[in-house]
Amino acid sequence: MTFETGHRYVMAEDVETQYRSIYGDCLGMSYPVETVYRPYKGEDLTQKRLMCWRTGGIGDIFFLNPVLMYLKKKYPNCFLRVASGCRQPLENMPAIDELYDMPFDAALLNDVDYHLMFQGIIEGSSDQSKKTHAVDMFFSYFSIDSLQIPAEDKKPKLFFKKEEMEWLKQTLPTLGIDDSNYVIGVQMETSAPLRNFPKEKFKTVLDVVSKEDKVKIILIGTSEQHEILSQYYKGNNPNIIPALKFDVRKSIVLTSRYDIVISPDTFMIQAAGALDKPLIGLYGPFPSEVRMKYFKNSIGLDPSVVCSPCFKHDFRGCIKGFPSPCFTLITIEDILQAIDYLKYKFTGSHFKYMETWLKTPDLSEVERYMLGADKGLCFFSGFFTHSNIIRVDPNKFFKPDIDDLSTEFKRVSFPFVLYMNNLSPKHQHLYQNTKNLVRPGGYLIVYVENGNEQLFNEIKKDFGQGLVLMFSKFDPNKRIVTVVGRKPY
Amino acid sequence: MAESIELLSLRSAQQGQILDQYRMNMYNTELRLSLLVKIMEEKGVLTQGEFEKRWPIFLKNDVGVLGPDGIMEGMLKINFYDGGVK
């Protein structure tokens with residue numbers, strides 16, 4: 001940015017501090033923008049001119065996009081001038097008449113009727129910003145009631161030039177991507193360490209997914225991040241392609257080729273959402289709802305812990321440790337299942353790594369206990385379904401009938417309860433409680449994969465207290481434990 | 001900790017401000033912790049209600065640690081979004 005003598009420029013305070021540290025007193029005096037500011041408060045914009053500006057960040061600029069489209073639709077004759085430190089998401093937008101970089105010449109403020117600056121709207125810690133989607137916050141800043149605006153119009157839209165699509169066409173082969181590939185775009189790092197998802201977990205996810213047929217993974221980042229991103233994959237994996245040489249706009253153009261996008265809370269979420277791409281958002285300090293609510297085909301993984309969401313915008317790590325400990329609740333399995341869920345939704349086929357989850361358990365030997373006149377409960381059935389069971393599982397990817405384990409069941413007793421595959425210490429109390437859900441004369445069926453003889457004996461011993469053992473089997477080859485007990489009258 | 005902060009090279013005035021803020025927060029946290037210890041010594045065990053009343057910010061920021069299995073106490077919410085319909 002070059003400044004001309006005698007001109008005045010509009011810039012954010014922190015940017016001014018940076019320039020001042022370089023140019024010193026050569027920069028001249030600074031005034032608060034309020035001295036020339038004519039704020040827009042929802043007036044009729046017919047034949048009027050409006051200038052709005054915001055420094056950044058890239059993701060936040062996306063929230064401005066739907067508001068500008070709404071204004072231009074409502075007042076087709078109005079003139080909209082926009083300035084931003086990160087203008088890439090607004091490029092080629094037909095709604096914008098003039099687009100400038102920040103800092104901009106203050107002369108641009110003179111020939112417009114109204115001004116509107118967007119600093120500190122979502123950074124504020126108001127209760128509204130914690131519950132309201134960022135786009136709705138921007139709408140309300142323009143004094144527009146966004147309640148009646150359809151969700152589709154609150155989604156940002158991206159506009160690409162012919163040349164940009166041509167560039168994409170030429171670039172993809174250089175990255176080793178052809179039409180048959182299933183391309184996964186992964187944004188690894190955010191601008192704030194607080195929002196960064198743990199590297200090791202990402203590494204494992206990439207390791208598993210990159211072994212799938214025709215899958216290509218593009219790591220999105222900047223050239224300065226080369227060293228960091230190289231920590232996200234092992235050696236020279238041909239299916240993982242670091243795309244670090246592209247600027248922000250080109251990264252956005254590349255998004256149009258992705259079949260699925262995985263990202264923590266960054267601009268990539270907004271770019272993928274704007275293009276209706278299947279999207280997985282890894283959230284912690286912020287709830288995904290206030291960033292992703294209006295997107296189609298998207299999944300937000302939100303840890304619910306005592307301090308999350310903390311709504312921190314800091315450029316520091318979490319006070320409780322780095323990476324933020326709330327991310328410990330998002331497991332590698334959760335991400336893998338989310339990826340497969342979206343892939344299955346659009347292509348109708350699963351990834352190979354899903355075999356263990358998709359495997360149908362062999363319950364033929366105990367099925368006779370499940371054929372009561374009434375439906376029974378089944379805990380942790382995964383993808384297994386049976387005409388006579390009500391499936392209970394907190395994992396929503398399996399689409400269980402009951403996904404909240406704290407829900408009260410409509411009935412107090414069931415003719416049978418099938419407990420499958422989860423006897424970790426965390427679930428012990430749940431296992432104990434399932435016994436109470438069996439009606440007198442009903443059956444408790446325990447089916448555990450990856451079991452051992454000790455577990456088999458422990459379950460049998462446990463059944464001795466209050467249940468009559470009807471069937472027990474341990475298959476040492478498949479390591480499957482099956483035990484059935486009947487509750488006496 | 002203080003030494004490692006000093007070792008960081010300051011690239012801009014903005015980063016300097018951030019570091020100052022960080023130092024201040026560290027100081028505040030330590031101060032609150034020492035006060036908490038003092039209260040606990042004086043009053044014996046603090047009830048949850050008293051604790052929350054006195055130190056709401058402390059509670060919000062500093063409680064909630066990793067469990068024995070390395071996972072924070074809580075649960076994961078999986079939210080499906082499809083064009084404004086949750």
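## Across the chain boundary

A:Leu301 sits opposite B:Ile78, a residue of S1(B). The model is predicted. Strand S12 of chain A and strand S1 of chain B, residues 74-81, run antiparallel. Eight bridges join the two strands.

## The contact between chains A and B

Chain A gives 35 residues to the contact, and chain B gives 27 residues.

What is the make-up of the side of chain A that touches chain B, in nonpolar, polar and charged residues? The residues divide into 16 nonpolar, nine polar and 10 charged.

## The sheet

Seven strands form an open sheet with mixed pairing. Their order is S9(A)-S8(A)-S7(A)-S10(A)-S11(A)-S12(A)-S1(B). Which are the edge strands? They are strand S9 (240-243) of chain A and S1 of chain B, and each pairs on one side only. From one strand to the next, the twist averages 20 degrees.

Within chain A, strand S7 (residues 182-187) and strand S10 (residues 260-264) run parallel, joined by three bridges. A:Gly185 has A:Val261 of S10(A) as its bridge partner.

## A helix on the sheet

Helix H12 of chain A, residues 332-347, packs on the sheet. H12 touches S10, strand S11 (279-282) and S12 of chain A.

Methods
Residues are numbered from 1 along each chain as its sequence is written. Chains are lettered from A and ligands numbered from 1 in the order in which they are written. This is a predicted model: local features need pLDDT of at least 70, side-chain atom pairs count only at pLDDT 80 or more; totals for chains, interfaces and linings use all residues. Two residues are in contact if their C-beta atoms, placed from the backbone, lie within 7 Å. Ala, Val, Leu, Ile, Met, Phe, Trp, Tyr, Cys and Pro count as nonpolar, Asp, Glu, Lys and Arg as charged, and the others, Gly among them, as polar. Two strands pair if DSSP finds at least two bridges between them. Helices (H or I, at least four residues) and strands (E, at least two) are DSSP runs, numbered from the N terminus. Axes are lines fitted to C-alpha atoms, for helices over the stretch in contact, and angles run from 0 to 180 degrees between N-to-C directions.
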